[in-house]
Amino acid sequence: MTTRDLVLIALFAAITAVLGLFPALTLPITGVPVTAQTLGVMLAGSILGARRGGLALVVFLVLVAVGLPLLAGGRGGAAVFSGVTAGFLFSWPVAAFVIGWLTEKTWDRYALLHAVTINVFGGILIIYAGGIAWMVAVAGIPLDKALYGSLPFIPGDALKVIAAATAAVALKRYQQHPLGQTV
């Protein structure tokens with residue numbers, strides 16, 4: 001791993017933290033806040049690729065675990081990893097990795113439709129699967145209620161998908177090589 005890799009990983013961990021400064025809106029059904037931070041997950045995977053994108057979110061979560069108030073609403077500390085939102089948090093590095101891996105695999109034909117599809121899969125489906133499974137298994141929320149409670153997140157997440165996909169496609173226009181080699 002190069003110094004450049006480390007800087008990019010730290011940068012995208014910081015971007016995810018900054019996105020936590022936007023006020024969170026907590027939904028009453030699930031208690032899960034609507035935040036801008038999943039945009040950081042999508043951007044990390046789309047721009048940094050699998051390895052660096054996933055590591056950026058691991059770094060971010062380690063910083064949260066040691067107590068830095070980097071989550072929306074100024075939350076941080078080990079306790080957030082046992083709450084109702086923990087499944088969403090645990091899925092962030094996985095989602096960034098998957099988005100990055102799929103982006104790298106489709107780089108030669110990468111366009112806006114590819115980017116949107118990849119970010120929907122990684123940035124919505126994987127994150128929701130981890131979060132909903134956690135709510136059901138650990139928080140004891142019935143599956144139907146967890147699924148229903150997740151519906152209000154979809155419009156905001158769709159906007160984040162479009163933003164991340166647009167950024168990644170714009171970046172591709174200025175590069176000639178796969179993300180893993182030039183970013």
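Trainee: Is G67 buried or exposed, or something in between?

Mentor: G67 counts as partly exposed, at 38% relative accessibility. Buried means under 20% relative accessible area and exposed over 50%, with partly exposed in between, using a 1.4 Å probe and protein chains only. Please note that this is a predicted model: local features need pLDDT of at least 70 and side-chain atom pairs count only at pLDDT 80 or more, while totals for chains, interfaces and linings use all residues. Residues are numbered from 1 along each chain as its sequence is written, and side-chain values use heavy atoms, with hydrogens and water left out.

Trainee: Where does G67 lie, and what does it touch?

Mentor: G67 lies in the loop between α3 and α4. Helices here are DSSP runs of H or I with at least four residues, numbered from the N terminus. Not counting residues up to four places away in sequence, G67 touches G76 and G77, where contact means heavy atoms within 4.5 Å.

Trainee: How far apart are G67 and F81 in space?

Mentor: Their C-alpha atoms are 11 Å apart, and G67 and F81 are 14 residues apart in sequence.

Trainee: What about T85, buried or exposed?

Mentor: T85 counts as buried, at 8% relative accessibility. T85 lies in the loop between α3 and α4.

Trainee: Now the packing. How does one describe two packed helices?

Mentor: One gives the angle between their axes and the distance between the axes. Axes are lines fitted to C-alpha atoms, for helices over the stretch in contact, and angles run from 0 to 180 degrees between N-to-C directions.

Trainee: At what angle do α1 and α3 pack?

Mentor: Helix α1 (residues 3–19) and helix α3 (residues 50–65) pack at about 55 degrees, with axes 8 Å apart. That angle makes α1 oblique to α3; angles under 35 degrees count as roughly parallel, over 145 as roughly antiparallel, 65 to 115 as roughly perpendicular and the rest as oblique. The crossing of α1 and α3 is right-handed, a term for the near helix being turned clockwise from the far one by less than a right angle, left-handed being anticlockwise.

Trainee: Which residues make that contact?

Mentor: On α1 they are D5, L8, I9, F12, A13, T16 and A17, and on α3 they are R51, R52, L55, A56, L57, V59 and F60. By class, the contact of α1 with α3 has 10 nonpolar, one polar and three charged residues. Ala, Val, Leu, Ile, Met, Phe, Trp, Tyr, Cys and Pro count as nonpolar, Asp, Glu, Lys and Arg as charged, and the others, Gly among them, as polar.

Trainee: And how do α2 and α4 cross?

Mentor: The axes of helix α2 (residues 37–48) and helix α4 (residues 86–105) cross at roughly 35 degrees and come within 7 Å. The crossing of α2 with α4 is right-handed. Q37, T38, V41, M42, G45 and S46 of α2 meet W92, A95, A96, I99, G100 and T103 of α4. This contact divides into six nonpolar, six polar and no charged residues.

Trainee: What is the geometry of α5 and α6?

Mentor: Their axes cross at roughly 140 degrees and come within 9 Å, which means that α5 is oblique to α6. This crossing is right-handed. Y128, I132, M135 and V136 in α5 meet L143, A146, L147 and S150 in α6.

Trainee: S150 interests me. Is it buried or exposed?

Mentor: S150 is buried, with a relative accessible area of 4%, and it is found in helix α6 (residues 143–150). S150 touches Y128, I132 and M135, residues up to four places away in sequence not being counted.

Trainee: Which backbone oxygen does the side chain of S150 reach?

Mentor: The side chain of S150 reaches the backbone oxygen of A146 at 2.9 Å.

Trainee: Last one: what does I124 contact?

Mentor: Leaving aside neighbours within four places in sequence, I124 is in contact with N119, D157, A158 and V161. I124 is found in helix α5 (residues 112–137) and is buried, with a relative accessible area of 10%.

Note on methods:
Helix = DSSP H or I, 4+ residues; strand = E, 2+ residues; numbered from the N terminus. Polar contact = N/O pair within 3.5 Å; in protein donor to acceptor, adjacent residues only side chain to side chain.
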